[in-house]
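Subject: Structure for you to look at

Hello,

Here is the structure I promised to pass on. My notes on it follow below.

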Amino acid sequence: MNTYNPHFMSRAIELSQQAYHSQKGLPIGCVIVKDGKIIGEGHNEIFSRMIPTAHGEMVAIENACQNLNQLLLEGCELYTTLEPCPMCFSAIYWAKIKTVYYACSNEDAATIGFDDSFILDQMKKKKSEQLIPMTQVENTAAFKVLLDWQDLAQDASQPWQNEYSRMSP
């Protein structure tokens, strides 16, 4: 059962303030909670790290995974001050986080100039019509690496593979 705890959102808000007061990044903070305890936290650090993927959620997920020494964050809750962007949304699914609580919606953010809806629009277009064209090139050597890896019978990092196959008609 998911139970929202305002204490954790307050901490995420503190982190969002740290992000912009320190000039490390945009005002977005995030905490990850497991069994009622913060196991990871972070705030946007795109300016200090000079890395466009250093969003608050990404930093917090990295921190939580390192603290737990594991890839998946099953059973964890994520508190963030802004509705996750498409990249963070994907990372949340890859980490298999149980639930997400966010304070401000993407629509709220768009009113002050944070608007990533164009990314979703681009993803819906044909690859040839996207602003950044993506072209698949044939490369049998690259596919051979995938086949060689498959032969090792290692688990793939597909956290929703079994659940998704049960949900599909």
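Among contacts between residues at least 6 apart in sequence, 50% join residues at least 24 apart. Please keep in mind that this is a predicted model.

Overall make-up. The protein has eight helices and four strands, and from the N terminus on they follow the order α-β-β-α-α-β-α-β-α-α-α-α. Of the 169 residues, 32% are buried. The protein exposes about 11600 Å², and 57% of that area is supplied by carbon and sulfur atoms.

The four strands make an open sheet with mixed pairing, in the order 2-1-3-4. Strand 2 (37–43) and strand 4 (99–104) stand at its edges; each has a single partner strand, so one side of each has no neighbour in the sheet. On average, neighbouring strands are turned by 15° against each other, direction ignored. Helix 1 (residues 6–21) packs on this sheet and touches strand 1 (29–34), strand 2, strand 3 and strand 4. The direction of helix 1 makes about 145° with that of strand 1.

Strand 3 (residues 77–82) and strand 4 run parallel and are joined by five bridges; T80 has Y102 of strand 4 as its bridge partner. Strand 1 and strand 2 run antiparallel, with six bridges between them, and V31 stands opposite E41 in strand 2. Strand 1 and strand 2 also form a hairpin, with two residues between them.

Backbone. Most residues other than glycine have a negative phi. Two residues are worth checking on that point. D35, in the loop between strand 1 and strand 2, has a positive phi of about 50° although it is not a glycine. D35 is exposed, with a relative accessible area of 70%. N69 is found in the loop between helix 3 and strand 3; its phi is positive too, near 55°. N69 counts as exposed at 71% relative accessibility.

In soluble globular proteins, nonpolar side chains tend to be buried together. The largest nonpolar core here has 14 residues, of which I32, I39, I61, L73, L78 and I97 touch the most other members. Strand 1, helix 3 (56–68) and helix 4 (86–95) each supply at least two residues of this core, and the largest share, four residues, comes from helix 3. Leaving aside neighbours within four places in sequence, I97 is in contact with I32, I61, L73, C76, E77, L78 and I92. Apart from this core lies another, of eight residues, among them F8, V33, Y79 and Y101.

Cysteines. How many disulfides does the structure hold? The number is zero. A disulfide is a covalent bond between the sulfur atoms of two cysteines. For C30, the closest cysteine sulfur is in C88, 8.1 Å away, which is too far for a bond; the cut-off used is 2.5 Å. C30 is buried, at 0% relative accessibility, whereas C104 is partly exposed, with a relative accessible area of 36%.

If you open the model, the hairpin of strand 1 and strand 2 and the surroundings of I97 are the places I would show you.

Regards

Methods: Residues are numbered from 1 along each chain as its sequence is written. This is a predicted model: local features need pLDDT of at least 70, side-chain atom pairs count only at pLDDT 80 or more; totals for chains, interfaces and linings use all residues. Side-chain values use heavy atoms; hydrogens and water are left out. Buried means under 20% relative accessible area, exposed over 50%, partly exposed in between (1.4 Å probe, protein chains only). Contact means heavy atoms within 4.5 Å. Accessible areas come from the Shrake-Rupley method with a 1.4 Å probe; for residues, only the protein chains shown count as cover. Two strands pair if DSSP finds at least two bridges between them. Axes are lines fitted to C-alpha atoms, for helices over the stretch in contact, and angles run from 0 to 180 degrees between N-to-C directions. A nonpolar core is a set of buried Ala, Val, Leu, Ile, Met, Phe, Trp, Tyr and Cys residues joined through side-chain atoms within 4.5 Å.
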